[in-house]
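Reader: I am new to this structure and would like to learn how to read it one feature at a time. Could you give me the general idea each time, and then the case at hand?

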Amino acid sequence: MSEFLEALTSQRFLQTALAGGLLASIACGVMGSYVVVKRMSFLAGGIAHTVLSGMGIAYFLGKSPIGGALVAALVAAWMIGWVSLRWRQSADTIIAALWSVGMAVGVLFISKTPGYNVDLMSYLFGNILMIRPADLYVIAALDGIILVVVLLFYQQFLAVSFDEEFARLRGLPVEFLYLLLLTLVALTVVVLIQVVGLILVIALLTLPAAIAAQFLRRLAPIMALATLLGMLFTSGGLALAYGPDLPAGATMVLLAGTGYLVSLLIAGMLGRARN
Amino acid sequence: MTPVLLLEKLSFSFGGPVVLDHVDLSIAEGEFVGLVGPNGGGKSTLLKIVLGLLQPVSGRVEVLGLAPVRARSAMGYVPQFASFPRDFPISAEEVVLQGRLGHGRLLGGYRGADREAARLAMTETGVRDLRRRPIGSLSGGQLQRVLIARALAAQPRLLILDEPTASVDPRAETDIFDLLKELKTRMTILVVSHDIGFISHYVTRVVCLNRNLVCHTTSELTGEMIQQLYGAPVRMIHHEVNR
């Protein structure tokens with residue numbers, strides 16, 4: 001740990017990685033809370049995996065993979081949102097299809113890209129150490145968009161998440177709000193992909209909020225605690241991974257998973273103590 | 001005078017068998033109507049049509065002289081518990097405030113007038129002391145009062161309740177119907193219930209639905225009517241209402 005702290009004072013890339021993790025935690029805590037309370041982690045998983053198609057195509061065309069990821073995440077969010085609004089019964093199957101076809105498209109484009117072969121692993125599992133200072137501005141901007149929209153629509157999102165039918169009866173544009181919510185989830189996925197890669201996104205999106213939801217009974221405090229936990233897991237994972245030279249993303253997710261397990265035990269004990 | 005609710009030759013099916021068959025019903029301002037009938041008799045479907053969530057196959061439906069979707073702001077709706085997860089992280093007050101949504105704005109938070117309306121509704125239903133409690137910690141009767149307060153916060157002219165006493169104990173059931181009895185001086189009420197004997201003490205009219213309107217009475221129900229409605233003899237149990 002002291003080795004990490006020492007390196008942190010001198011190594012620019014470590015400072016950037018730490019800042020990237022902290023910034024990403026904001027999006028992860030706020031949107032992850034919606035994903036958990038509205039029970040849409042499968043939808044979010046679908047969006048995250050479909051993103052590989054965009055990254056693969058962008059890479060093939062010699063464009064920025066993150067730009068491709070952004071476009072693919074938005075398209076995937078709207079397709080998945082439309083499907084689940086339209087064919088609620090079979091949405092599960094259609095999302096699974098998009099999920100795997102998206103990945104297949106990505107793999108095909110990456111394999112056909114001429115020249116030096118890209119490190120597929122870093123797309124799938126992320127590499128926070130590769131974050132450049134310029135990426136921090138992108139992450140901060142996406143955080144800003146997410147926070148502003150959530151502040152404006154907090155009550156409306158809460159109503160749609162809690163009781164969609166009642167929200168519709170009060171004249172809220174339920175479909176629009178649902179697609180807007182998924183759009184923000186897509187932006188969060190793009191942010192988190194740079195930290196832990198697209199396969200592990202779901203862990204950071206759901207675990208901090210799931211831990212917070214066990215101890216808090218209102219949405220806004222859950223968002224705040226999930227953000228803090230996200231910061232703890234990303235920085236802690238980075239620090240733990242540094243010494244033994246472990247993959248940072250996987251270490252963060254293991255840390256979050258351990259945290260979740262511990263929280264289940266604590267919540268169980270608290271529940272028993274109360275009864 | 002325009003009836004609060006008007007159904008004319010209303011029919012509905014989900015593509016298969018007919019669920020509602022030529023239903024005629026007119027509810028005037030100030031009535032307290034109990035809608036009873038067997039499971040699968042079309043009660044919930046009828047409510048969904050009145051609320052504009054389902055479109056009838058044929059026939060006419062008007063709420064306050066308007067198409068249901070356009071009359072939504074004048075309707076207060078109390079759903080069955082199943083429409084949301086009980087462990088959702090939300091306080092009683094936040095639920096009641098949702099009755100104020102759609103009053104003119106599509107984004108932003110609540111205003112003073114909204115909080116005032118929610119406060120009045122919670123006082124009226126006796127849940128003001130529970131306002132900071134998460135809904136997961138409320139009893140069935142308390143939660144039902146919170147849902148009624150949410151509907152009242154919208155200041156409706158027509159209050160619609162779907163099985164408001166299905167998941168509460170008998171004492172809370174009496175309390176809830178006593179509350180509705182007070183509310184009926186201000187608004188028209190349509191309540192769906194399975195408990196035919198109980199509601200006949202409170203309502204001004206009972207409407208029995210089993211695909212079509214089987215009976216229609218302002219007096220107390222007789223065993224014969226119930227038999228006609230359910231198609232089988234039903235044992236009537238007289239409820240003693242303790243005050």
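Author: Let us begin with burial, where a residue counts as buried if 20 or more other C-beta atoms lie within 10 Å of its own, and as exposed if 12 or fewer do. Please keep in mind throughout that this is a predicted model.

Reader: With that cut-off in hand, what percentage of the residues of chain B count as buried?

Author: Of the 243 residues in chain B, 41% count as buried. As for its secondary structure, chain B has 7 helices and 9 strands, and among its contacts between residues at least 6 apart in sequence, 69% join residues at least 24 apart.

Reader: How many residues of chain B are in contact with chain A?

Author: On the chain B side there are 22 such residues, and they are in contact with 24 residues of chain A. Sorted by class, the side of chain B that touches chain A consists of 12 nonpolar, 8 polar and 2 charged residues.

Reader: How should I read a nonpolar core, and which residues touch the most other members of the largest one?

Author: The general idea is that in soluble globular proteins nonpolar side chains tend to be buried together. Here the largest nonpolar core has 167 residues, and those touching the most other members are Ile47(A), Val51(A) and Val189(A). Helix H9 of chain A, residues 174-215, gives the most to this core, with 30 residues. If neighbours within four places in sequence are left aside, Val189(A) is in contact with Ala44(A), Ile47(A), Ala48(A), Val51(A), Ala73(A) and Val201(A).

Reader: Staying with helix H9 of chain A, is Val196(A) buried or exposed?

Author: Val196(A), which has its place in helix H9 of chain A, counts as buried because it has 32 C-beta neighbours inside 10 Å. Beyond its neighbours within four places in sequence, Val196(A) is in contact with several residues, among them Gly126(A), Gly249(A) and Met252(A).

Reader: Where is Gly126(A) found?

Author: Gly126(A) is in the loop between helix H6 (120-125) and helix H7 (133-162) of chain A, and with 27 C-beta neighbours inside 10 Å it counts as buried. Its contacts, apart from neighbours within four places in sequence, include Ile193(A), Gln194(A), Val196(A) and Leu200(A). The C-alpha atoms of Gly126(A) and Phe109(A), on the other hand, are separated by 19 Å, and these two residues are 17 apart along the chain.

Reader: Now the backbone angles, please: what is phi in Arg39(A)?

Author: Arg39(A) has a positive phi of about 50 degrees, although it is not a glycine. This residue lies in the loop between helix H2 (12-37) and H3 of chain A, and it counts as exposed because it has 10 C-beta neighbours inside 10 Å. In chain B, Leu64(B) is a residue other than glycine with a positive phi, near 55 degrees. Leu64(B) lies in the loop between strand S4 (58-63) and strand S5 (75-78) of chain B, and with 18 other C-beta atoms within 10 Å it is partly exposed.

Reader: How do I read a pair of packed helices, and at what angle do helices H3 and H4 of chain A cross?

Author: One reads the distance between the axes together with the angle. The axes of H3(A), residues 41-60, and H4(A), residues 65-86, come within 7 Å and cross at roughly 140 degrees, and the two helices are therefore oblique to each other. H3(A) passes H4(A) in a right-handed crossing, and the residues of this contact divide into 15 nonpolar, 7 polar and no charged.

Reader: What is the angle between H3 and H4 of chain B?

Author: H3(B), residues 112-125, and H4(B), residues 140-153, pack at an angle of about 140 degrees, with their axes 8 Å apart, which makes H3(B) oblique to H4(B). The crossing of H3(B) past H4(B) is right-handed. Among the residues making this contact are Ala117(B) and Glu124(B) of H3(B), with Arg145(B) and Ile148(B) of H4(B); by class, the contact has 8 nonpolar, 1 polar and 2 charged residues.

Note on methods
Residues are numbered from 1 along each chain as its sequence is written. Chains are lettered from A and ligands numbered from 1 in the order in which they are written. This is a predicted model: local features need pLDDT of at least 70, side-chain atom pairs count only at pLDDT 80 or more; totals for chains, interfaces and linings use all residues. A nonpolar core is a set of buried Ala, Val, Leu, Ile, Met, Phe, Trp, Tyr and Cys residues joined through C-beta atoms within 7 Å. Helices (H or I, at least four residues) and strands (E, at least two) are DSSP runs, numbered from the N terminus. Two residues are in contact if their C-beta atoms, placed from the backbone, lie within 7 Å. Axes are lines fitted to C-alpha atoms, for helices over the stretch in contact, and angles run from 0 to 180 degrees between N-to-C directions. Angles under 35 degrees count as roughly parallel, over 145 as roughly antiparallel, 65 to 115 as roughly perpendicular and the rest as oblique. A crossing is left-handed if the near helix is turned anticlockwise from the far one by less than a right angle, and right-handed if clockwise. Ala, Val, Leu, Ile, Met, Phe, Trp, Tyr, Cys and Pro count as nonpolar, Asp, Glu, Lys and Arg as charged, and the others, Gly among them, as polar.
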